[in-house]
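Welcome! Here is a short tour for anyone opening this structure for the first time. Take a look at it below, and then we can walk through some of its features together.

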Amino acid sequence: LQRDARLMGTTVLGGEQKVGKDSRAYGEYQLENGVEGNRNRAVLGAGHRFQVTKGVNLDVAYERSQTFGDALGGKSSRDALSTAFDFLREKWVKASGRYELRFDNGDERVGGQDKVQVLTTNLVDFTATKDLSFLLKLNYSNTDNRTLASTEAEMLEMSAGFAVRPRDWNWFNLLAKYTKFVEQRPTNLTDGFSERVSSDIFAIIPIFDLPKGFQIVEKFAFKREREYFFDLPPGFSDTFLWINRVNYHLTNWIDVSGEFRHLTNLASGDTENGFLLEASVILKKYMRLGVGYNFTRFTDD
């Protein structure tokens with residue numbers, strides 16, 4: 001197999017082989033010629049999928065990568081172990097998770113560093129009643145710099161939400177979500193200093209279906225953000241977002257939409273307003289293709 005290279009001057013060749021029904025082995029070799037010099041990278045990996053029981057599966061994998069050449073960074077290697085599962089046995093609950101452990105060995109002759117990284121993603125979706133469903137998500141990663149004996153980076157994303165879709169009131173839906181987000185990133189890769197940002201985000205979205213093909217969607221969101229830098233006192237910021245969206249079912253296969261967006265930073269008092277326009281083609285019942293333009297300078301993320 002030959003993959004498209006994102007950087008000019010890079011050639012990538014690879015292959016994959018099925019080993020039995022649920023196992024695979026793969027290899028890849030990259031040759032890169034850039035402004036920093038020549039760099040080659042070799043990757044070898046293998047994985048296997050187990051069916052623990054009906055509707056419950058387990059995946060395990062190992063990957064080894066080696067980088068060498070005269071480019072900046074010298075010689076380095078990474079060993080990665082991963083496991084994943086999915087639970088699809090019951091109709092009312094679905095769960096999945098992935099866990100990965102990475103060992104990075106840098107080239108100390110050119111300032112390379114040894115690191116250990118832990119990553120995990122988890123998702124649970126369950127239906128409590130015919131009108132109420134819940135969604136839980138937890139993503140986490142941590143990079144431990146063994147050379148500097150410090151935590152180089154950390155990321156936590158934890159979300160909990162629910163959806164109310166009354167079958168007897170098919171004109172009304174309600175979505176609500178809370179997200180905790182924490183990110184620590186290094187200011188540079190040599191002194192061990194880092195910057196840490198923590199956010200709490202609440203969002204609620206009521207949806208109303210009106211006669212004659214109209215639909216109104218409201219979104220109210222509040223975010224409290226705290227930023228920590230070195231040993232300075234933390235900085236706080238509160239932001240409120242309101243989106244008023246109107247959808248119109250123009251024909252059996254075309255929808256048009258418009259939004260008014262309002263963003264306010266409660267700490268500074270700064271306010272921004274703007275519009276968004278959109279048109280979409282309904283391809284299937286749960287699939288559509290849309291195009292639009294955001295006249296504001298901010299998103300609804």
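## Around the core

Let's begin with Ala203, which touches Leu175, Ala176, Lys177, Phe220 and Ala221, leaving aside residues up to four places away in sequence. Ala203 and Ala221 also belong to the largest nonpolar core, together with Leu241, Ile243 and Phe298.

## How confident is the model?

Please keep in mind that this is a predicted model. The protein chain has a mean pLDDT of 89, with 92% of its residues at 70 or more. Over residues 1-8, however, the pLDDT is below 50, and this stretch has 11 contacts in the model beyond near neighbours in sequence. Where pLDDT is low, the predicted coordinates should not be read in detail.

## Aromatic pairs

Searching the whole structure turns up 10 aromatic pairs. One of them joins Phe172 and Phe208, a tilted pair with 5.5 Å centre to centre and 45° between the planes. This pair links distant parts of the chain: Phe172 lies in strand β10 (residues 172-186) and Phe208 in strand β11 (residues 194-209), 36 residues apart. Phe172 is buried, at 17% relative accessible area, while Phe208 is partly exposed at 29%. Both residues also sit in an aromatic cluster with Trp169 and Trp171.

Another tilted pair is made by Phe214 and Tyr248, at 4.6 Å centre to centre and with 35° between the planes. Phe214 is partly exposed, with a relative accessible area of 37%, and Tyr248 is partly exposed at 28%.

Conventions
Residues numbered from 1 in each chain as written. Predicted model: local features only at pLDDT ≥ 70, side-chain atom pairs only at ≥ 80, totals over all residues. Heavy atoms only, no water. Core = buried A, V, L, I, M, F, W, Y, C linked by side-chain atoms within 4.5 Å. Buried < 20%, exposed > 50% of the residue type's maximum accessible area, 1.4 Å probe, protein only. Contact = heavy atoms within 4.5 Å. pLDDT = per-residue confidence, 0-100. Phe/Tyr/Trp six-rings, centres within 6.5 Å; stacked < 30°, edge-to-face > 60°. Helix = DSSP H or I, 4+ residues; strand = E, 2+ residues; numbered from the N terminus.
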